[in-house]
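Please read them with the sequence and the structure open.

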Amino acid sequence: MGSKGREIVGMDVEELLTLLNRAFCDEWFAYYQYWLGAKLVKGPMKDAVGAELLVHATEELAHADMVALRIIQLGGTPVTKPEEWYKFTNCGYDAPDDPFVKTILEQNIKGEQCAIGVYKRLLDLTREKDPVTYNMVLTILQQEVEHEEDLQALLEDYELLVGALKG
């Protein structure tokens, strides 16, 4: 860790490291939830939904990488044991035990909405205090908002399809 890089952070670095580690755990859960959901999804539009979930999984893994690197830059250590993710997570993990398209989409929309809240709070906290973390969080937040929009559009398409089949 560069000492000047840590010095320019205008807030409690240990508090920031805790918050970043919590986000790191969320990203790993999000990655796994998307990745596994893409493999298990069943029902109408499963191919389109599965493809979208795999794209999101890749982006969530990239977020975990970005957050881990920032934790290390700040002199911290990312959570090293997956069993500790449950202790630190903000958003939890919704196992895709019901692989039906609508259920999978709703679970992941809920996860994205939680992530948007987490990163909005981090954005507000780091604004004018830590420009490096702020810019990273802004990038991640933009993608989380896109994810929610993508998933909600798929859910709307699903509802229209089901409505047309019933009609």
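This is a predicted model: local features need pLDDT of at least 70, side-chain atom pairs count only at pLDDT 80 or more; totals for chains, interfaces and linings use all residues.

1. Tryptophan 28 pairs with tyrosine 31 in an edge-to-face arrangement, the ring centres being 5.9 Å apart and the planes at 85° to each other. Both residues belong to helix H2 (residues 13-40), where a spacing of three residues means that about one helical turn separates them.

2. A further edge-to-face pair is made by phenylalanine 29 and tryptophan 85, at 5.7 Å centre to centre and with 85° between the planes. Since phenylalanine 29 is in helix H2 and tryptophan 85 in helix H4 (residues 85-88), this pair ties together parts that lie 56 residues apart in sequence. Phenylalanine 29 is buried, at 6% relative accessible area, and tryptophan 85 also counts as buried, at 15%.

3. Across the whole structure, nine aromatic pairs are found. Ring pairs join a cluster made up of Phe24, Trp28, Phe29, Tyr31, Tyr32, Trp35, Trp85, Tyr86 and Tyr93.

4. The largest nonpolar core comprises 28 residues, and those with the most contacts inside it are Leu16, Leu20, Phe24, Val67, Leu74, Tyr119 and Leu122. Helices H2, H3 (46-73), H5 (101-126) and H6 (131-166) each contribute at least two residues to this core, with the largest share, eight residues, coming from H2. In soluble globular proteins, nonpolar side chains tend to be buried together.

5. The largest pocket has a volume of about 240 Å³ and is lined by 21 residues, with Ala30, Cys91, Gly92, Gly111 and Glu112 nearest its centre. H2 and H5 each supply at least two residues of the lining, and H5 gives the most, with nine residues. By residue class, the lining of this pocket divides into nine nonpolar, five polar and seven charged residues.

6. As for annotation, an unreviewed UniProt entry lists residues 10-162 as "domain: Ferritin-like diiron". In the model, this span is 77% helix and 0% strand, and its end C-alpha atoms lie 52 Å apart.

Terms used: Residues are numbered from 1 along each chain as its sequence is written. Side-chain values use heavy atoms; hydrogens and water are left out. UniProt positions are given in the numbering used here, feature names are shortened, and annotations may be inferred rather than shown by experiment. Helices (H or I, at least four residues) and strands (E, at least two) are DSSP runs, numbered from the N terminus. Rings of Phe, Tyr and Trp (its six-membered ring) pair if their centres lie within 6.5 Å; planes under 30 degrees apart count as stacked, over 60 as edge-to-face and the rest as tilted. Buried means under 20% relative accessible area, exposed over 50%, partly exposed in between (1.4 Å probe, protein chains only). A nonpolar core is a set of buried Ala, Val, Leu, Ile, Met, Phe, Trp, Tyr and Cys residues joined through side-chain atoms within 4.5 Å. On a 1 Å grid over the protein atoms alone, a cavity is a set of points where a 1.4 Å probe fits but cannot get out, and a pocket is an open set with protein on both sides within 12 Å along at least five of seven lines; lining residues have an atom within 4 Å of a point. Grid points are joined across faces, edges and corners, and a volume is the space filled by probe spheres set on the points. Ala, Val, Leu, Ile, Met, Phe, Trp, Tyr, Cys and Pro count as nonpolar, Asp, Glu, Lys and Arg as charged, and the others, Gly among them, as polar.
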